Amino acid sequence: MIKGFTAFSLIFSVSLVARSQMSADLSLTTGSNQVSLGQYGKLGGQFSYFYRGWNFSAGAGAVFSAAREKKLDAVRLSVSKDYVIKDKNITTVAFYQFAPFSARLNDHAAGLLFNHKSRRWYYDLGLNTRFYAFTQKYKGKAGYGENVLWEPVNVIYRLTWHKPIGDKFEINPSVTNFDQFIIQQETNPFVLADFQYKLNVKSKIYFDVAYQQSGFFNIRVNYFGYYLRGGYKVNIGTIPENHIKLKPIEL
Amino acid sequence: MKYPLLIFAAGSFLWTSCLKEADFTGLVRSTDRIEKRFAQSMEWNEQHPFKNILVSGEEYKLLITGDVHVGSSSTINNYLNFLERAEENDISSLVFVGDISTGREKDQQTFKDHLPDPAIKPSFVMIGNHELYFDGWKYFYRLFGTSTYYFTVQTPSKKDLYICLDSGSGTLGKSQLQWLKDILETQRNLYDRCVVFTHNNFFRDHHTASTSPLTDELLVLMDLFEKHHINMVITAHDHKRVLNQLGNITYITLDALRDDAKNATYLILKKDTQESLKSGSTGFLFSFEKP
């Protein structure tokens, strides 16, 4: 937890120094699922720093759940850059995410994601790799050597329909298998509806609703869980709009 | 014009290849929910106590397979060969880790008709997603009863616990997970070794369309199994054998046994006294045999 917040604070401090190139996203999430032992709450934040066409982001989340021993939900570091390929804007995002699940188990994931936005549709496609490992403390206690369980490759995707309503409001429903600190297997898609309201040219508030199900590829779906998220994102300075990758669901 | 044609071609292919085996009514909403199945299973368990198998020596063998898919092809030769192997005296009981049939009543009945006399050689059958197709749970419940239970094997000096879980819907659900936690909290320390069986494979060892538990659930289960010193977790579903190890837990995904499987094998799990003495060992030796 300390390591995560150190990285988080470092990026935050750098961003404050370069205040004109700072952006931030803060969110509150609540939800419930088959394994959460009741309602859970999450507090998430992501700060980004834009420098010479590169966007460096650090995000962290706290979780308040009866099912989780650790309060740190996850820490994620990402770097992104925009390219133009055959007149199409493509954003490439590389990320690493660390989630300390319990006093015994850690979850690590890293990946590469490509994004393209057309007028009405947003496309995200990428790959991630993942490994599960024991904490150093637990390894010592259990007498385990170095041992991880590695899942080499998983496809991550999101298809979003973008619908602006007037100048201030927009709706973005998606089918995806990833979101803020969540990376599901490609066989476990979920639906997410995102509603955004532009307060002014530099800030927005948003509200997201997600419905998760299990067994889609078993052709026997079962309700798994839901969550609701409200957030505020602000861009302080002169970052061009197409470089803002603030919202956690945008990695 | 080319897109509708492509969609039609892809749709036709899926329709003709999958119609025989898959029931797409569960793609949007399933009526056979895990909570309901769990409640019915617990009712059945109340009337039918969990089985305890007594063996005369300290070592014994279980014959384990998954994805038999009776009814998917015109023959069941692999299944019959498996049953022939099971007749040998060194096998204590049989375990089927789901997808025994297409789910249709006649196929589940055919599967059951071939099983050995339970008084001589007990069989433990788990539900897979295919047992939920074509209203299959109704028939599974009538023919096999519970989809969540455990059985024990007792040697002269030790007793081992085998937990069988229902993951046909891609999740254990709240109630089954709580049942599992309660069993492990209250009973795990009464047993020497503990093995968990469930149909859905846990990990994505290769690119596959097989459903795994959502990562939220997977982490909960992995942590729970580590906390309670589970020795092995045996799954099926993916039709491709994979062995994983994390800490002292061996995770096995089984090959399929269906006749058209390219590399059909079954698992022989042997409780081994020498292996049990080794530090950090599962206490079992295992091998895979072709039917």
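Author: Let us begin with strands. Two strands pair if DSSP finds at least two bridges between them; strands (E, at least two residues) and helices (H or I, at least four) are DSSP runs, numbered from the N terminus. This is a predicted model, in which local features need pLDDT of at least 70, side-chain atom pairs count only at pLDDT 80 or more, and totals for chains, interfaces and linings use all residues. Residues are numbered from 1 along each chain as its sequence is written, chains are lettered from A and ligands numbered from 1 in the order in which they are written, and side-chain values use heavy atoms, with hydrogens and water left out.

Reader: How many bridges join strand S8 to strand S10 in chain B?

Author: Strands of a sheet pair through backbone hydrogen bonds, either parallel or antiparallel. Here S8 (residues 232–235) and S10 (residues 249–253) of chain B run parallel and are joined by four bridges. B:Val233 has B:Tyr251 of S10(B) opposite.

Reader: In what order do the strands of this open sheet of chain B stand?

Author: The order of the seven strands is S1-S5-S6-S7-S8-S10-S9, with mixed pairing. At the edges are S1 (52–54) and S9 (242–246) of chain B, each pairing on one side only. On average, neighbouring strands are turned by 15 degrees against each other, direction ignored. For such angles, axes are lines fitted to C-alpha atoms (for helices, over the stretch in contact), and angles run from 0 to 180 degrees between N-to-C directions. Helix H7(B) packs on the sheet and touches S7 (194–198), S8, S9 and S10 of chain B; its direction makes about 135 degrees with that of S10(B). Contact means heavy atoms within 4.5 Å.

Reader: Which strands of chain A pair with S13(A)?

Author: S10 (residues 169–176) of chain A runs antiparallel to S13 (residues 190–200), with eight bridges between them. A:Ile171 stands opposite A:Phe195. S13(A) also pairs in the antiparallel sense with S14 (residues 203–214) of chain A, over ten bridges, and a hairpin of two residues joins S13(A) to S14(A). A:Gln196 has A:Tyr206 as its bridge partner in S14(A).

Reader: At what angle do helices H2 and H6 of chain B cross?

Author: Two packed helices are described by the angle between their axes and the distance between the axes. The axes of H2 (residues 34–47) and H6 (residues 173–187) of chain B come within 7 Å and cross at roughly 45 degrees. H2(B) is therefore oblique to H6(B); angles under 35 degrees count as roughly parallel, over 145 as roughly antiparallel, 65 to 115 as roughly perpendicular and the rest as oblique. Among the residues in contact are B:Phe38 and B:Met42 of H2(B) and B:Trp179 of H6(B).

Reader: What volume does the largest cavity have, and which residues lie nearest its centre?

Author: On a 1 Å grid over the protein atoms alone, a cavity is a set of points where a 1.4 Å probe fits but cannot get out; lining residues have an atom within 4 Å of a point. Grid points are joined across faces, edges and corners, and a volume is the space filled by probe spheres set on the points. The largest cavity holds about 380 Å³ of space. It is lined by 25 residues, with A:Lys42, A:Arg68, A:Asp73, A:Phe101 and B:Asp216 nearest its centre. H7(B) gives the most to this lining, four residues.

Conventions
1 Å grid on protein atoms, 1.4 Å probe; cavity = no way out; pocket = protein on both sides within 12 Å on 5 of 7 lines; lining within 4 Å.
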